[in-house]
Amino acid sequence: MSDLAARQAALVAALVCGGAPPAGFDPDRLRAATAALLRKRAGEVAATWPLLAASLTPHWTARFTAWAAGRPPAGPLRDGWDLARQLLAAGSLTGAAPEELAARESWWRYDGVRPPRPRRWPAIGRAGPVAVLRLGDRIFRLPRRRGSRNTKTG
Amino acid sequence: MSRYGVGIGWRPQISGFVAGLPGLRFTEVVAESLPRRGPLPAALRELRARGVAVVPHGVKLSLGGAWPVEAGRVAHLARCASRLGAPLVSEHIAFVRAGGLEAGHLLPVPRSREALDALVANVRRAQAELPVPLALEPVAALFDWPDSQLSEADFITEVLDLTGALLLLDIANVYANARNRGEEPTALLDALPLERVAYVHMAGGAEHDGLYHDTHTAPTPPAVLDLVAELCSRHRPPALLLERDGGWPPAAELAAELDAIAAAAGVPAIT
């Protein structure tokens with residue numbers, strides 16, 4: 001790796017992974033840049049996951065940035081997905097956010113590691129007690145199963 | 001680029017507002033927001049049909065990265081230009097990823113010889129595949145690299161000289177950087193080759209913890225409009241474009257902002 005490549009990599013790691021600030025940079029300015037990146041990311045994820053963001057309003061930006069700090073950006077689709085699944089597992093995915101998550105689960109196959117891949121056929125998506133059936137691009141809410149709990153999906 | 005006057009960046013959220021501007025002659029679209037396959041958004045096709053120029057604006061090429069620019073990203077930008085019949089395309093003097101990590105925003109490059117060489121090599125790789133001229137935009141930076149060998153004006157001028165690229169001057173970035181560095185923004189205007197400016201960006205921002213952030217989510221502040229007038233008194237650019245990416249105001253407020261830009265630049269209003 002060239003010197004420039006190593007220095008750029010160290011800078012990005014410091015900004016998005018909480019790595020040590022590279023020598024010579026103003027640490028206060030890098031902290032300001034990290035905070036600005038997190039705010040921008042919160043806005044992009046909110047645009048992609050409006051119901052998730054609405055379910056955490058008025059604390060969305062604070063909750064998202066606390067979750068995302070030190071976690072490299074995976075793009076708004078995956079960032080929102082990972083947060084929604086984590087909230088679901090903790091029993092704290094509220095409002096209309098479970099339906100939004102279930103709909104996403106019906107559109108894409110996502111293992112939490114690799115980028116989501118579109119599902120081509122009709123599919124059922126689940127988020128805890130909420131299940132939806134997707135036929136083409138239409139989403140149907142399925143009746144709640146008796147005794148179902150917040151279970152991990154995907 | 002011929003004389004286009006004032007424009008506004010096309011975004012799906014303000015598609016109707018943009019379509020309703022009677023004097024609009026040019027707009028810009030984020031290249032990465034356009035589909036790789038399938039038709040272009042109908043609203044953009046309608047703008048093209050009435051003769052509005054649409055400039056694809058890349059944000060993820062990472063031309064300033066130490067790594068060679070990705071061929072697929074350049075090919076997409078080139079395809080956008082061809083499909084839109086664009087007079088030119090634009091990208092940034094910045095990098096957005098390194099070491100396998102995405103930063104999520106435009107980061108400044110060090111003003112060193114090594115960084116200049118890497119940037120020039122990437123610009124040339126892109127130019128070889130692009131069907132139209134490329135304009136390069138210096139970015140707003142909240143921090144500087146510690147060991148600059150060149151002034152900002154010298155670095156920009158040298159990149160333009162070595163590549164033949166045009167300059168996309170973001171006057172709000174000039175304002176933000178000068179304010180955050182405690183410098184005079186007009187000093188950079190005096191030192192840049194203004195005759196190379198293809199068009200100008202402007203936008204509003206917000207202050208956090210004593211620093212000015214170029215967020216594109218607020219109205220263009222009076223100080224930036226003053227700087228537009230300063231620029232135009234030195235050399236009026238062929239086109240000026242307002243960028244708005246959120247905090248959408250009512251249509252009347254956005255129209256008034258476009259009028260204020262036209263007045264500051266001394267060009268006809270488009271509303």
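In chain B, strand S7, which spans residues 134–138, is largely enclosed by the rest of the structure, because five of its five residues are buried. This is a predicted model, with an ipTM of 0.95 and a pTM of 0.93. For chain B the average pLDDT is 97, and 99% of the residues score at least 70.

**Side chains of the strand**

- Leu134(B), Leu136(B) and Pro138(B) point one way from S7(B), whereas Ala135(B) and Glu137(B) point the other way, and all of these residues are buried.

**Neighbouring strands and the crossover**

- Strand S4 of chain B, covering residues 89–93, runs parallel to S7(B) and is joined to that strand by five bridges; within this pairing, Leu136(B) in S7(B) is the bridge partner of Glu91(B).
- Strand S8 of chain B, covering residues 166–170, is likewise parallel to S7(B), and two bridges join them, with Leu166(B) in S8(B) standing opposite Ala135(B).
- Together with helix H5 of chain B, which covers residues 152–163, the strands S7(B) and S8(B) make a β-α-β unit that is right-handed.

**Contact between the chains**

- Between the two chains, 25 residues of chain A are in contact with 23 residues of chain B.
- On the side of chain A that touches chain B, helix H1 (3–16) and helix H2 (27–48) of chain A each supply at least two residues.
- That side of chain A consists, by class, of 16 nonpolar, four polar and five charged residues.

Terms used. Residues numbered from 1 in each chain as written. Chains lettered and ligands numbered in written order. Predicted model: local features only at pLDDT ≥ 70, side-chain atom pairs only at ≥ 80, totals over all residues. pLDDT = per-residue confidence, 0-100. Buried ≥ 20, exposed ≤ 12 C-beta atoms within 10 Å, placed from the backbone. Helix = DSSP H or I, 4+ residues; strand = E, 2+ residues; numbered from the N terminus. Pairing = 2+ DSSP bridges. Right-handed = clockwise from strand over helix to strand, strands pointing away. Contact = placed C-beta atoms within 7 Å. Nonpolar A, V, L, I, M, F, W, Y, C, P; charged D, E, K, R; others polar.
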